[in-house]
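Q: I am new to this structure and would like to learn how to read its features one at a time. Could we begin with the idea of burial and go on from there?

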Amino acid sequence: MLELGTLEELPRAYREALSNHHLAPLWPLMRAALPYDMPIRRARPHLWKWTDVRPDLLRAGELTPLEKAERRVLILANPGLGPDSIRATPSIFIGMQLILPGEFAPTHKHSPSAIRMVIEGEGGYTIVRGEKCPMEKGDLILTPSGLWHEHGHEGAEPVIWMDALDLPVVGALECAYAVEGKSQTGSNQPDASQTRYLRAGLVPYSSLGQRRPDYPLIRYPWRDVREALVAMSGVVDRNSMVQLAYINPETGAECMPILGFSAMMLRPGETARPIRRSSSAVLHCIEGQGEALIDGETIRFAESDTFATPTHAEIEILNRTSKPAFLFQVDDAPMQRKLGFYEEFQ
Ligand SMILES: [Fe+2]
């Protein structure tokens, strides 16, 4: 390994000259920027317990009316990335959002893409591009970059969901911004997951030969995903993971450009060993409980808990119970693939 020169070895006058000219020598910074074999990872494996998040969020509902918040969200800040960080991992923003009965989160659109993963409550809805999507526990709802969206609540109890955004990436490029809009309430379309894309393998005939739409499906109901995972669990051998990816039904590609989404089922007694990847991830437990061993650190998770895994992490997920556990995963593999540096390590 080369012994690189330090900043202190350089004459003070030279260092001052470089500073005055807004220049910096690379070699003293070389190993920090490009370490050998493994990136420097500040993000840590971390668990956010639902038993902490839920009361804090409900308290926010008492303290801050929605008119003063626009979106009433508590951010999951990874402790390795600093207390003011808005990042659960280097690329993933996770917020827990509360909407109370009768409240309305006004229409806007923004350059970062977002998704919702519903955690609790009934009667919430999101309108995306005029399409009104019911929000039931475990449903995935997309609000991609540039699409108008608003949230409302027609039920009687608080509704809570998890937001995941590529905001850290778009923000780092100084491209993050939002635009206010008019309510879309008058232009509702039926939910495409219940009409045009009801079954895998079938798409509207009229879409053949056209440029395939970027976001044909906005809502992925948990009811269907869970059923598909349970069916798959009966045919996948014990050494393979029961995991399904959420995709664009028209193209077969990941359903969003930067972040990827998948759901996995851990059978009773199963230990899942996902392949080590260059992508970071956030996992959310929809049902059941288990343990995750992340780079040697043990995280015990229960229903509605959420945890972060750094890039390049060694991961094992165990279900020691007699009931299945279901996890939803957000990762940044789609972006890494597009940029050409995504890796899997055998
Ligand atoms: Fe939004």
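A: Buried means under 20% relative accessible area, exposed means over 50%, and partly exposed covers what lies in between. Keep in mind that this is a predicted model. With that cut-off, Arg-219 counts as buried because its relative accessible area is 3%.

Q: Which side chain does Arg-219 meet in a salt bridge?
A: The partner is Asp-139, and the N to O distance in this salt bridge is 3.1 Å. The pair links distant parts of the chain, since Arg-219 belongs to strand β12 (residues 219–220) and Asp-139 to the loop between β7 (131–135) and β8 (140–143), 80 residues apart. Asp-139 is buried as well, because its relative accessible area is 1%. Both residues also take part in a network of salt bridges, whose other members are Glu-136, Asp-191, Arg-223 and Asp-224.

Q: How many salt bridges are found in the whole structure?
A: A search of the whole structure gives 24. One of them joins Arg-211 to Asp-214, with the closest N and O atoms 3.4 Å apart; here Arg-211 is exposed because its relative accessibility is 67%, while Asp-214 is partly exposed at 42%. In another, Arg-300 and Glu-291 have their closest N and O atoms 3.9 Å apart, and Arg-300 is exposed at 54%, whereas Glu-291 is buried at 16%.

Q: Which strands pair with β10?
A: Strand β3 (residues 93–99) pairs with β10 in the antiparallel sense over seven bridges, and Gln-97 stands opposite Trp-161 in β10. Strand β5 (residues 114–120) also runs antiparallel to β10, joined to it by six bridges, and in this pairing Ile-115 stands opposite Ala-164.

Q: Which residues form a nonpolar patch on the surface?
A: Tyr-14, Leu-26, Trp-27 and Leu-29 form such a patch, and together they have about 410 Å² of accessible area. Leu-29 lies in the loop between α1 (12–20) and α2 (30–33), and this residue counts as partly exposed because its relative accessibility is 48%.

How values were computed. Residues numbered from 1 in each chain as written. Predicted model: local features only at pLDDT ≥ 70, side-chain atom pairs only at ≥ 80, totals over all residues. Heavy atoms only, no water. Patch = residues over 30% accessible without salt bridge, like charges linked within 9 Å, V, L, I, M, F, W, Y side chains within 5 Å. Areas by Shrake-Rupley, 256 points an atom, 1.4 Å probe, with all protein chains shown as cover. Salt bridge = Lys/Arg side-chain N within 4 Å of Asp/Glu carboxyl O. Helix = DSSP H or I, 4+ residues; strand = E, 2+ residues; numbered from the N terminus. Buried < 20%, exposed > 50% of the residue type's maximum accessible area, 1.4 Å probe, protein only. Pairing = 2+ DSSP bridges.
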